[in-house]
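Trainee: I have a structure to read today. Please take me through it step by step.

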Amino acid sequence: MFRNFKLVPKILFGRGCFAQLDEVVGGRRKSGEDWAVFVVDDVFKGKDLEKRIPLHDNDFLLWVNVADEPKTGYVDKLTLEAKNFNAAFPCAVIGIGGGSAMDLAKSVSLMLTNEGSSTEYQGWDLIKNPAVWHAAVPTLSGTGAEVSRTAVLTGPEKKLGLNSDYTVFDQVVLDPELTKDVPKEQHFYTGMDCYIHCIESLQGTYINEFSKAYGEKSLDLCRQVFVDNHPDSADKLMMASFFGGMSIAYSQVGACHALSYGLSYVLGTHHGVGCCITFDTLDEYYPDGVKEFRAIMNKTGVDIPRGLTKDLTGDQMETMIRVALGLDPLWENCLGKDWKNIMTRDKARSLFEKM
């Protein structure tokens, strides 16, 4: 059976295009009663970007904190705040920020129209009702959250996304100028998340010409940014992020993301950081990619955290392994249908012990 998946239908790209956001959202406002929710990373409080958010009188500015990875309990709380602000459905939910802020915006738009807790919808195609129209304005490049069909959340039992066609954004606004003040370490970690998406997709068993075309171009753009230091790096990394997300949309990520989910579930490690820590241990599976990753890391001068798992309790290690090995599609993409005989619990443990 071939996958028949949904893509982002409308895209704005270019330096300064954020100024058109009001016009875009205006298309959703059919009456004076219509209102929008702006889900914005609170790192922008008091910054110039806050003054540029096109808020109307009826709108709700929902600041979100992403110091921790997005959790189901936090999504439920944010959704309740939006419902309490106005009992009517908003005409739009707009996420402004990095991958976590965009995932929170996706989640709120879904949970406004689906009853119960977001924990009930962690998995593939469990969402029952279409989301409120939702748009993304990324202020970081690399996560691919602006194009993916998932909103990654940590719940009480697992880290797993709200994966569905309804999760896909209806509009994306890609303005490279918004990434100009990203700190060096964050630029590296989110950029390497994109790089790893490409390696996992291109070397996976799910690879096909659709994913290959996007993955190869994204990888080329990543190299122009991190190897060649191209002067248009902000534009190139923004497109690399989008293309990398497109590549995994019709293939899958792999061993690095599966293991990183276990790491972040137990230790709360941020996604991009966790992916870099994990990828650095995977020479056996992605030898050329890991070699190039280390060269880029040395060039940028960013040193990833090490020794994170040395003091784990037995229960914590078991939880980490359980969460990681529960992601069947990711392992099948990396190792094939016989993956359970290759990536045993002992093998997974040995990889975590290197981190």
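**Salt bridges and domains**

Mentor: Asp280, Asp283, Arg294, Asp303 and Arg306 are linked in a network of salt bridges. A salt bridge is a side-chain nitrogen of Lys or Arg within 4 Å of a carboxyl oxygen of Asp or Glu. This is a predicted model: local features need pLDDT of at least 70, side-chain atom pairs count only at pLDDT 80 or more, and totals for chains, interfaces and linings use all residues. Residues are numbered from 1 along each chain as its sequence is written, and side-chain values use heavy atoms, with hydrogens and water left out.

Trainee: How many salt bridges does a search of the whole structure find?

Mentor: The network around Arg294 and Arg306 belongs to this topic. The search covers the whole structure, and its total is 21 salt bridges.

Trainee: Which residue meets Arg149 in a salt bridge?

Mentor: Arg149 is buried, at 17% relative accessibility. Buried means under 20% relative accessible area, exposed over 50%, and partly exposed in between (1.4 Å probe, protein chains only). The N to O distance is 3.2 Å, and the partner is Asp165.

Trainee: Why does the pair of Arg149 and Asp165 tie together parts of the chain, and how many residues apart are they?

Mentor: Helices (H or I, at least four residues) and strands (E, at least two) are DSSP runs, numbered from the N terminus. Arg149 lies in the loop between β6 and β7, and Asp165 in the loop between β8 and β9, so the pair ties together parts whose separation in sequence is 16 residues.

Trainee: What separates Asp220 and Lys217 in helix α6?

Mentor: Their side chains meet in a salt bridge at 3.4 Å, N to O. Asp220 is partly exposed, at 32%, and Lys217 is partly exposed too, at 37%. Both lie in helix α6 (residues 209-226), three residues apart, so their separation is about one helical turn.

Trainee: Is Lys340 buried or exposed?

Mentor: Lys340 forms a salt bridge with Asp328, with the closest N and O atoms 3.8 Å apart. Asp328 is in helix α12, and Lys340 is in the loop between α12 and α13. At 55% relative accessibility, Lys340 counts as exposed.

Trainee: How many salt bridges does the rule find across the interface of domain 1 and domain 2?

Mentor: The chain is divided into domain 1 (10-174) and domain 2 (188-353). Those bounds come from an automatic or database domain assignment. Across the interface, the rule finds one salt bridge.
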